Structures are given as C-alpha cells and as structure tokens.
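Reader: Got a model here that I want to walk through. Can we start with a helix and then look at a charged side chain?

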Amino acid sequence: MTEVITDPTLPTLHGPSDKEKKYDRQLRLWAASGQQALEDAHILLVNSGSGTVGVETLKNLVLPGIGKFTIADESMVDQADLGVNFFLDEDCLGKPRSECCVRLLQELNPDVKGDWFPKNKDETIEQLFDGTIKYTMVLYAAPIARARMELLHEYGQKHNVPVIAVHSAGFYSYFRISLSNNFPIVDTHPDSTATTDLRLLTPWEELSNFAASLTENIEGLSAHEHGHIPYVALLLHYLAEWKQTHGSLPSTYKEKTAFRSTVAAGARTDTPEGGEENFDEAVAAVLKTISTPSISSSVREVFDYTPTEMESTSSFWIIADAIKQFYKKHNALPLPGSVPDMKAQSTVYVQLQNIYKAKARQDVAEVLETVRSHPKGKDIDSDEIGNFCKNAAFIKLIRGSEPSEASPANIKVLAEREFENDSHALLTAMPLSLFPIYLSLSATTSLPASNVSDIMDAIKNTLPDAASTPRIIEAAEEVARANGGELHNISALTGGMVAQEVIKIITKQYIPIDNTCIFDGITSRMQVIRI
C-alpha cells in the first residue's frame, strides 16, 4: 500500500546573510577568505601634520570592514583642520583630533572598532610599541619626528609588520611600503584570458583519445556535429595530421601561420552562415595555444630563491618547493584545469571539462604527496595546496624593503638613472620622471614647513648637483609653496591608493606596488618606483 504524504515539509532555503548582502561587491573581489583577513586586522595610524591623508586612508579601510583601527595623534583640533578634514566639525574644536576622527569614522561602519591615543596628557605615542598590542600594519603620515619614524620602522622589522609612510603636501604626494620580509603572493588574480592552459602540444592520453573519438570520421559528420566539435579537439586533430606530414609540430611563426591556414581550410562553407564558428575559434586560438609550456620570470624568481631558515618552514615555501620538483619532473606546472567557453554540444563540453579537471586533480595529488613528505608538510591544508597548484603560473614574490635601500648612496644612483632616462624622453616618448617630487617631499619628512633654500639644502646632502637640475628646483618651489598644508582632494585620492595597497597586503591577494608610488596632482600622473 502506497503511503500518501499530504503535508510535505519543504527544505528551508537560506538566502545571503546580512553581512554577505552588505559586502556583496567586495566579496566578489577577494572572497570570504579575504574579507575574514580584513576583519581580523588591526591598523595603527600615527598621524601628524595636517593629518588628512591618514584619515582618508582609514576611511577607505573602514568602509570595506577592517576589523579595528587605532589613531595615535597628539594634536588638538583647530580652525585649520576644519578646512581640510571632512571627519571634523566645529564641535571638535579644542578636542583631541584622534578622538573626533575615530568617532566620525565609526559612523561609516558600526561593525568596525576604533580606538584613539593618547587619552591622557602624560601618555606618549611611544607607549603603543611596548609589545602588548599586536598590529597588522602601521601607517604614519609625514611630517614626523625622525626619532619616532625610526621607532616605527624598528617595530616593523622586529615584529614582521608592514609599515607604510604617506606624505601629502599641496599638489604632490607619495607613499612608500616597507615590508620587513619577502612577501609571496599566490592569488594574484591574473586576467582570465591569461590563465588558459590547454596543453595541446603535450596532451595526455585521455585528452588525445577524447579528441580522436570526436574527429575520427570528421568528413562524414553531419553539419550539426561538424559545427559543434570543440576547438580543442579540432586543433589536436590537425596537429596530429601536421606532425604526420611534417615530422614535427609547428614551432616557428611561419609554421604556425601555415598551420592556421590548414585549420581554416577544414571549415565547411556550405552552411547558412557561410562558415563554422568552432573553426573560427580554432583559428583564433592557434598562436595563443600552440606554444611550448614555459614559466614566467616571476615564477622563475620564486624557484631560484633560497628561503631563509625561518621562511623555509612556511606553507608557501614548502608548497613552492613541491611544485618546483613537479616542474623538474614534467617540464610543466600543475594543470589549472579550467576550460574556456567554446562552441560545442553541452554533453561534449562537460566531458571535456571533466577530462581537464581530472588531470588537474591528478597533478594536485602528486604535489600533495610531495608536500606531505616534508617534515612540516603534514599540517598544511589540502585546499591551500590545490589553490597554489591552480595559480602556480602566476605566483609572485615581492622583495622586502631594507632600510639601506633609501640610503643617500642608493638615492644618488637612482636619481642618476631617472635623470638619464629623462634626457632621452623626447626620443623614447616616455613621460618625465616624478623622482624630483619624491626628493622634495622627503626633504621635508621631519619639517612641517620649509622654504625653497632649506629643501634644496637637504636635497644637496644627497645630490650635490641638485641645483643644476631645473625640475628639482621646480618641485622644491611647489612643496615650499604648500608650506606643509594638504589639499583635501589630493589627500583623498592618495588615501584611496594607500588603502588599496593595504587591502592587497592584508588579504594576500592581487599584487602590491614595489615599493613607492609618487603622485603629481598638477599633471595627474603617478609613477611606481622601487626606492
């Protein structure tokens, strides 16, 4: 007897959470793992001078949901602050600037915790670095006392905390990222078109058999079947024919061009459209996909780098070494496993996808076995290994910044290189270097206001011939004209750029700049340069 259920209980459907709705757009950029990293972060801003650029940076971190921020600022709010800082109002006059900025910043996102310092007159900012509080990142805004700046960098080096210096004056600004150690990135988010890896010159057995089954009787196929052979199978079919005729696969541009013509000639023209879309896709893919697998310079840099004793126990370097061994064995990186869209019947396309996914899982399993054989590899999450294999072709190593890199000797070498490039600017059609802006701003790092002669004297300590370079004088005059003051729009734009780099570092996604960004608000240009 059949039992009739008259009141079935339907499964409960769960929609997106309030947090997912709130952060929907950014979750598409850095996923839940990146959002969690943001929410676990604690940012310290040591603010000084006009204080606008630091607060604008925090604004762009509070909105996406940074976990906690602390503003250390000894200044009291005065009338000048109200003209450049949107996070202050008349009720703030005479009150601690840090407290007022924290209160108004928190209104942007109640989920973010904010703190301020100092709360008492007898407290000093130096007390924040006694080791009781762990910061994820330290930002400081110039001008700042040299002793305090050195303390911040010492803290960063000791606790492996990134330190970012920001300086905005008039129409100019720059920021510099100091990473105490090398900074490896796995999830660099390359363009989707760059991630296609079909291995057409080195197909494995399952892929070859699948392509052969689709093209075995290619001339006898119906118009529908012929027009829906995926271009991967078409290229493998014609590559086999080419090798049989020529004895080797096409390698030179001339051979690939001839091969492309061979593929194009295989299309049927007696169709209503006058051609076949799948063959058009195959022709377009020849030069991009018919190439010998190779690794990029950034991957080569990771493979060639010898990690320190401390670094060698991190999961990144353990997995990187396993993939390096995989590459030596197979002369190829693990297969990502993704297949681009193409003209094909749905069932055939799904079969093709499964073949690539199965091969990718097989490669991950081999790397996993190597990782597990490492003394420290047993605790590494298999998902992390899988993600590394998927992105292996695009891993990136950002070198840490040594304090000596900004030494006078290195600055002199860098200046000579930049000005030498400028001398050829008309011939190369390249824009002029913004390095004079950096020189002028850095000359006022510890001075709230300076005249032209003071700035030039400071630059001459590093570059004795600075006065003979008109563009250095022009930059010095502009910085002196600003007299230490900030323009809100320049500081807001700079704060947005700084926040973007902070998010990259915290989430360990995308590629941060290396390591200094200079902005010229007069010509609306920026330059990234390693200093």
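This is a predicted model: local features need pLDDT of at least 70, side-chain atom pairs count only at pLDDT 80 or more; totals for chains, interfaces and linings use all residues.

Author: Start with helix α6, residues 146-159. At 1.5 Å a residue, its 14 residues should span 20 Å, and its end C-alpha atoms are 20 Å apart, so the two agree. The expected span is 1.5 Å times one less than the number of residues. Helices are DSSP runs of H or I, at least four residues, and strands are runs of E, at least two, numbered from the N terminus.

Reader: Which residues of α6 are buried?

Author: Arg 148, Met 149, Leu 152, Tyr 155 and Gly 156. Buried means under 20% relative accessible area, exposed over 50%, partly exposed in between (1.4 Å probe, protein chains only).

Reader: What do they pack against?

Author: β1 (42-46), β4 (137-141) and β5 (163-169). Contact here means heavy atoms within 4.5 Å.

Reader: And what sits on the face turned away?

Author: Exposed Ala 147, Glu 154 and Lys 158.

Reader: What happens just after α6?

Author: Asn 160 takes a positive phi of about 55 degrees.

Reader: New topic. Where is Asp 520?

Author: In strand β9, residues 516-520.

Reader: Which side chain does the Asp 520 side chain make a polar contact with?

Author: That of Thr 523, at 2.8 Å. A polar contact is a pair of N or O atoms within 3.5 Å; within protein, one must be able to donate a hydrogen and the other to accept it, and residues adjacent in sequence count only if both atoms are side-chain atoms.

Conventions: Residues are numbered from 1 along each chain as its sequence is written. Side-chain values use heavy atoms; hydrogens and water are left out.
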